[in-house]
Amino acid sequence: MRKLLLKINDRFISLYIIIAFFILWEIAPKIGWADPNFVPPFSRIVAEAKKLTFFQLFIEASVSLKRIFIGFTAASLIALPVGFVLGGAFPKLEKFLKSLLKFLSQIPPFILFPVFVVVFGIGEKGIYTVIFWSAFWPVMFTTVAGVQSVDPLLIKSARSMGANNITIFFKVIIPGALSSIFTGMKTGMTMSFMMLIGTETLGADSGLGWLIHNSQSMGFIPRIYLAVILIAVIGLAVNYTIQWLEENIITWKEAGHDKAI
Amino acid sequence: MIKQYSYTKLARENGETLKKFNMVPIINFFKKVNSVLYGSIAIILFFLLWEVASTYGLLPSSVIPPPTKVIAALATSVKSGELIYHMRISLFRALWGFLLAAVISIPMGFLLGTFFKTFEKALLPFLRMLEKLNPFALFPVFMILFGIGNLEKIAIIFWVAQWPLLFNTIAGTRSIEPNMIKAARSMGANKKVLFFKVILPAAVPGIFTGVKIAAQVSFFMIVASEMAGSSQGLGWYYLSCSQSYHVPLMYGIILFITVLSVIINLLFTRLEKHFLVWKETSFQHN
């Protein structure tokens with residue numbers, strides 16, 4: 001019994017600190033450790049969420065998620081073929097373009113937003129382009145690296161067994177490069193989610209970033225904290241979804257390693 | 001078999017002659033110059049293409065001005081001293097936040113990673129949670145807590161730079177082989193010797209990976225936070241250009257910021273590599 005309790009304690013030891021943090025947040029403004037106007041107690045933030053209604057929050061979140069989804073999908077759809085072609089078919093071209101691509105990828109996507117507004121006009125296009133830009137580079141670079149990291153011996157042996165180019169591509173190169181690609185997709189997703197909030201605070205009329213910007217300019221301080229928590233929760237959910245996808249799609253790598261060992 | 005042998009012999013002789021005249025560094029130097037030149041061809045071509053497309057009307061030159069105009073706008077801004085002024089303010093803020101984070105987070109990482117392991121186990125998920133908070137979403141919170149100004153900017157940079165430093169320091173101290181600590185202890189090393197002779201040298205490469213990431217993040221975030229709310233600095237200068245529709249200078253500042261971040265990146269990558277090489281050679285000696 002004591003062992004079991006200790007085990008449970010061990011499992012939940014990290015939860016204690018999180019719970020303590022929220023309790024401190026609740027108590028500190030009430031007993032005067034922090035200014036309740038600037039740091040409202042946690043219960044007031046929950047009350048603010050109830051006041052705004054779940055429906056309203058859901059709409060803002062879904063607008064942001066839609067933007068991420070469109071921008072990220074477009075970036076992946078273009079970056080993956082480009083990465084495969086550069087990494088697999090034209091390695092010399094890749095070497096030639098590498099410095100230019102690195103240079104372009106160094107441009108912070110967030111500061112490109114005003115330029116995109118100038119070029120594409122105000123509206124959704126600028127936001128999509130920023131998300132596209134921030135997701136494109138990680139996905140493309142890791143695809144190139146993934147394709148190049150495929151063991152040439154595997155390709156040669158597949159070819160010697162009579163596989164044509166298409167079979168090699170689908171059966172050897174894609175499975176070999178996929179775990180690297182997923183790493184890039186995770187980075188791209190984190191980046192684009194971060195940039196999305198930034199661009200929405202700069203110029204948008206809806207979405208989670210706009211919620212922050214709006215409540216900041218109106219002086220609704222509890223609402224700012226609410227939006228911060230909401231963004232953190234949604235960001236975590238998005239991250240876990242990609243991780244879940246990765247674990248469920250890439251099942252062969254570890255099994256193969258076990259057999260090899 | 002015979003052919004292979006002769007090739008290796010030839011290669012060895014070649015290598016010996018190279019060594020005799022000490023040609024290796026010179027050849028390496030030329031290889032380096034060659035690769036840099038080869039890499040810059042694509043960048044130069046890109047700018048040339050942009051110039052041609054913009055001047056001959058393939059691109060709308062009012063919204064995408066040719067690079068010559070961009071450079072000219074940048075040059076006038078440098079000459080008037082405005083750009084340098086704002087750059088100095090931005091770099092000053094980023095540097096202070098970064099230094100503060102380094103001074104606080106690296107010792108914290110050592111403490112958490114070595115001597116307070118249970119505490120670290122309890123604290124780490126909470127810290128990971130804080131790390132995941134979106135910094136853009138936190139800008140208004142920092143503005144509420146610190147007001148708008150240098151203090152707020154430094155606090156933001158401190159916040160974003162501390163996570164890579166802290167986690168990489170913890171990871172660096174974790175990467176020490178337990179056998180080394182045991183061996184040192186069995187030879188009678190006290191905690192102080194253990195720390196300075198075993199733990200610190202083994203953790204340094206991990207720390208410098210953290211330093212590199214933190215430097216990149218802090219430069220990026222200072223520009224972003226100045227765009228969110230400020231009256232000075234590169235980010236504000238850029239935003240004010242975009243509001244007054246000074247398009248060539250907008251592109252110029254983007255170019256300037258990108259080049260600055262490339263320089264910072266290269267500098268810290270060099271620093272990181274320096275310490276990585278040191279680790280590898282020390283391992284080889286072992």
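This is a predicted model: local features need pLDDT of at least 70, side-chain atom pairs count only at pLDDT 80 or more; totals for chains, interfaces and linings use all residues.
**Chatting through chains A and B**

User: Ok, which residues of H5(A) are buried?
Analyst: A:Phe113, A:Pro114, A:Val115, A:Phe116 and A:Val117 are the buried ones in H5(A). Buried is 20 or more other C-beta atoms (placed from the backbone) within 10 Å of the residue's own, exposed is 12 or fewer, and partly exposed is in between.

User: And which residues meet between H5(A) and H6(A)?
Analyst: On the H5(A) side you have A:Phe113, A:Phe116, A:Val117 and A:Phe120. They meet A:Lys125, A:Gly126, A:Thr129 and A:Val130 of H6(A). That contact has 5 nonpolar, 2 polar and 1 charged residues. Nonpolar covers Ala, Val, Leu, Ile, Met, Phe, Trp, Tyr, Cys and Pro, charged covers Asp, Glu, Lys and Arg, and the others, Gly among them, are polar.

User: What does A:Ile131 touch?
Analyst: Skipping residues up to four places away in sequence, A:Ile131 touches A:Arg67, A:Ile68, A:Gly71 and A:Phe72, plus A:Ser192, A:Met195 and A:Leu196. Contact means C-beta atoms, placed from the backbone, within 7 Å.

User: Switching to the two chains together. How many residues does each put into the contact?
Analyst: Chain B gives 39 residues and chain A gives 38 residues. Six helices of chain B each supply at least two residues of the side that touches chain A: H2 (24-55), H5 (117-132), H6 (135-146), H9 (191-228), H10 (234-243) and H11 (247-285). By class, that side of chain B has 30 nonpolar, 7 polar and 2 charged residues.

User: How many helices and strands in chain B overall?
Analyst: Chain B has 11 helices and 0 strands. Read along the sequence, the pattern is α-α-α-α-α-α-α-α-α-α-α.

User: How much of chain B is buried?
Analyst: Of the 286 residues in chain B, 33% are buried. As for its contacts with a separation of 6 or more, 73% are between residues 24 or more positions apart.

User: Which residues is B:Ala73 in contact with?
Analyst: Leaving out neighbours within four places in sequence, B:Ala73 is in contact with B:Pro248, B:Leu249 and B:Gly252.

User: Why does B:Ala73 count as buried?
Analyst: B:Ala73 is buried because it has 20 other C-beta atoms within 10 Å.

User: Last one: what's the phi of B:Tyr245?
Analyst: The phi of B:Tyr245 is positive, about 60°, although this residue is not a glycine. B:Tyr245 lies in the loop between H10 and H11 of chain B.

User: Is B:Tyr245 buried or exposed?
Analyst: B:Tyr245 has 10 C-beta neighbours inside 10 Å, so it counts as exposed.

Key
Residues are numbered from 1 along each chain as its sequence is written. Chains are lettered from A and ligands numbered from 1 in the order in which they are written. Two residues are in contact if their C-beta atoms, placed from the backbone, lie within 7 Å. Helices (H or I, at least four residues) and strands (E, at least two) are DSSP runs, numbered from the N terminus.
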